[in-house]
Amino acid sequence: MEFKNSYLQGVYETVQRRNAGEPEFLQAVREVLESFEPVLEKRPELEKTGIIDRIVEPERMITFRVSWVDDSGKVQVNRGYRVQFNSAIGPYKGGLRLHPSVNASVIKFLGFEQVFKNSLTGLPMGGAKGGSDFDPKGKSDGEVMRFCQSFMTELYRHIGPDTDVPAGDIGVGAREIGYLFGQYKRITNQFVGVLTGKGLTYGGSLARKEATGFGLCYFTQEMLAEMKQDSFAGKTVVISGSGNVAIYACQKATQLGAKVVAMSDSNGFIYDEKGIDLAVVQEIKEVRRGRIKEYLDAVPTATYTQGCRGIWGIKCDIALPCATQNELDGDDAGKLIANGVMAVAEGANMPSTPEAVAKFQKAGVLFGPAKAANAGGVATSGLEMSQNSMRYSWSFDEVDEKLRHIMVGIFHNAYDASKEFGDAGNLVMGANIAGFLKVADAMQWQGVAY
Ligand code: NDP
């Protein structure tokens, strides 16, 4: 489909030419550029200043070899990445992903999205992302440690507390952040806030672990209240994934009065009509690093189905995709709509395909896009950076309250922008525009050699 605006069409064709064979990155750029059509009508000078041409090109992209020794003594080689996408409003900030599917396209799509997400939080953070095609699944602690140490032995020269502050993402939790931090400190001889998601004993923030899932629910609660005068209370919820985001989304949705009936991992999904017993899931996933099907050992009345996609066939009022990109397609959206879903909010990054998003919007389903709905994680990372700079720690309740306040603010910024630019309630457009305008303004002030 062509853009109505010929300038945007030209920008997109350049991005396609420069990034051929990178479908995830092109998908993310196209969605954002589509939102800019009404912005260019009001702000035609953006074409002359080339802000949009510049914002789709990363400031810097680093790839590097990561060699490490496995438990049998054999040398293994992975590829490491860090994309430093935009630093107009603050130091680069964004997570590290360890998963076999990681490649340049995935890292660039995530880095690009991060620019707008970080801007939406209202905190001074630029956008970045990184990771490797290393698969932590099935590896021993020693292997994960040696990989992380090798990864940081190159990455350390590109990051710093005022330059670039990585965090966790898929496959990177407390264990990996600890090994990465230890190696950074060893090499630089500096104890500084160079990573977020740290353990509480060495500079981590209370409520960071919970932040993305909790934030997703605070955003969804505000969206339901403002746009449907409704809430989580009494609703049936389906959550994909059973990792960091999914677990704390389940906890908060339940606290807000909903019943979560299904969760998944990359092999399959569980359905528990009585409501998921989260302590069982946490024991399997956080303590034993096991598989979601083991839930049935503790709760034999639940069911397990092989294949994770079938989860979207379960009847629910609210769907929270919290696993990975493109996990919910047009057919899945059709099933959710036929079953009467009223709201979908994205905990994962870009979990819904463009066809799925279009179907939800056409059917009048409330739709909270990832950039806005899952920004609670990076927002709380921003709060961790503030605490590190102050050498001070806030209580759990203080951080949680700041997080809630930020998520409510993000919803209203996106909703207000959707109204101002002529498509009230289109939060995809609203989030993209609200995130963009602040970065665009900062880039303009800082001149062209940027
Ligand atoms: P985790 O590694 O903790 O968990 C990921 C979950 O998703 C696991 O249950 C995993 O199953 C499942 N999963 C991964 N790949 C697939 C796949 N291809 N198909 C089906 N299921 C899959 O990661 P997080 O919870 O941290 O991240 C989940 C999503 O949320 C990602 O999109 C991430 O970018 C996004 N996000 C995370 C933030 C954070 O603070 N952690 C912040 C903002 C966004 P399995 O165990 O079988 O691999």
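Val69 is partly exposed, with a relative accessible area of 36%, where partly exposed denotes the range between buried, under 20% relative accessible area, and exposed, over 50%, computed with a 1.4 Å probe and protein chains only. This and the other values refer to a predicted model, in which local features need pLDDT of at least 70 and side-chain atom pairs count only at pLDDT 80 or more, whereas totals for chains, interfaces and linings use all residues. Residues are numbered from 1 along each chain as its sequence is written, and side-chain values use heavy atoms, with hydrogens and water left out.

Val69 belongs to strand 1, residues 60-69; helices (H or I, at least four residues) and strands (E, at least two) are DSSP runs numbered from the N terminus. When neighbours within four places in sequence are set aside, Val69 is in contact (heavy atoms within 4.5 Å) with Lys74, Val75 and Arg146. The C-alpha atom of Val69 is separated by 7.9 Å from that of Phe147, although the two residues are 78 residues apart along the chain.

Asn19, by comparison, counts as buried at 5% relative accessibility and lies in the loop between helix 1 (6-18) and helix 2 (23-35). Apart from neighbours within four places in sequence, the contacts of Asn19 are Phe25, Leu26 and Lys108.

The ligand is surrounded by 26 residues, the closest being Asp169, Thr212, Ser266, Arg291 and Asn349, with a residue included if one of its heavy atoms lies within 4 Å. Polar contacts, defined as pairs of N or O atoms within 3.5 Å, are formed by oxygen atoms of the ligand with a side-chain N or O atom of Ser266 at 2.4 Å, with a side-chain N or O atom of Thr212 at 2.7 Å, and with a backbone N or O atom of Asn244 at 2.9 Å.

Definitions and conventions: Polar contact = N/O pair within 3.5 Å; in protein donor to acceptor, adjacent residues only side chain to side chain.
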